[in-house]
Amino acid sequence: MTFLTDHFTVEELACPCCGNAGLHPGFAESLEAVREALGAPMKINSGSRCEKHNASIGGHARSLHMIGNTHHDCDTLAVDVHIPDSMYRRDLLQAALPLGWTAGIAKNFVHLDRRDLAGIMPCIYVYS
């Protein structure tokens, strides 16, 4: 395993299709800051995605998970974090939101991204 930060490895953040981690500058450090603020492990369901993998799973064509995102002129700025229970969801949001993260809330995961690093206003949304 190759660690990018104290708590995250290249393997867990890389695209499962091509193995490229392709993170936008500063993203790994921002993710580590959330992990430190949370004080608990974060299981990453989805990190970097190549265009082929993003298409194969039905990801949005402008997804901030994508490496070489030409629409937003960035590399990966998003992860999906597994949510085991509502208390963890609350704790994760309390850690991430003050640090400038956007959150997309789903039943079993929270999408976190640093869209502000691509010049997009942060927000909170719910998957329907």
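This is a predicted model: local features need pLDDT of at least 70, side-chain atom pairs count only at pLDDT 80 or more; totals for chains, interfaces and linings use all residues.

Reader: OK, what is the secondary structure of the protein made of?

Author: The protein has four helices and five strands. Going along the sequence, they come in the pattern α-α-β-α-β-α-β-β-β.

Reader: What makes the radius of gyration agree with a compact globule?

Author: You set one value against the other. A compact globule of 128 residues would come out near 14 Å, and the protein has 13 Å, so the two agree. As for its extent, the C-alpha trace spans about 35 × 35 × 25 Å along the principal axes. And of the contacts between residues at least 6 apart in sequence, 52% join residues at least 24 apart.

Reader: Why is threonine 102 called buried?

Author: The cut-off for buried is under 20% relative accessible area. Threonine 102 has 0%, so it counts as buried. Threonine 102 is part of strand S3. Leaving out neighbours within four places in sequence, its contacts include His111, Leu112, Arg115 and Tyr125.

Reader: What makes aspartate 91 and glutamate 36 partly exposed?

Author: Partly exposed is what lies between those two cut-offs, 20% and 50%. Aspartate 91 has 29%, so it counts as partly exposed. Glutamate 36 has 48%, so it gets that label too. Aspartate 91 sits in helix H4, while glutamate 36 belongs to helix H2. Aspartate 91 is 51 residues from alanine 40 along the chain, and their C-alpha atoms are 9.3 Å apart. For glutamate 36 and aspartate 75, which are 39 residues apart along the chain, the C-alpha separation is 23 Å.

Reader: How much of the protein is buried?

Author: Buried residues make up 47% of the 128.

Reader: Which residues touch the most other members of the largest nonpolar core?

Author: Those are Leu31, Met42, Val79, Val81, Leu92 and Leu112, out of 29 residues in this core. Helix H2, strand S2, helix H4, strand S3 and S4 each give two or more residues to it. In soluble globular proteins, nonpolar side chains tend to be buried together. Take valine 79: not counting residues up to four places away in sequence, it touches Leu13, Phe27, Leu31, Ile44 and Leu112, among others.

Reader: Last one: what lines the largest pocket?

Author: The lining has 17 residues, and His60, Ser63, Leu64, His111 and Tyr125 are the ones nearest the centre. Strand S4 supplies the largest share, three residues. By type, the lining divides into five nonpolar, seven polar and five charged residues. The volume of the largest pocket is about 320 Å³.

Methods
Residues are numbered from 1 along each chain as its sequence is written. Side-chain values use heavy atoms; hydrogens and water are left out. On a 1 Å grid over the protein atoms alone, a cavity is a set of points where a 1.4 Å probe fits but cannot get out, and a pocket is an open set with protein on both sides within 12 Å along at least five of seven lines; lining residues have an atom within 4 Å of a point. Grid points are joined across faces, edges and corners, and a volume is the space filled by probe spheres set on the points. Ala, Val, Leu, Ile, Met, Phe, Trp, Tyr, Cys and Pro count as nonpolar, Asp, Glu, Lys and Arg as charged, and the others, Gly among them, as polar. A nonpolar core is a set of buried Ala, Val, Leu, Ile, Met, Phe, Trp, Tyr and Cys residues joined through side-chain atoms within 4.5 Å. Buried means under 20% relative accessible area, exposed over 50%, partly exposed in between (1.4 Å probe, protein chains only). Contact means heavy atoms within 4.5 Å. The radius of gyration is taken over C-alpha atoms; the globule rule is 2.2 Å times the number of residues to the power 0.38.
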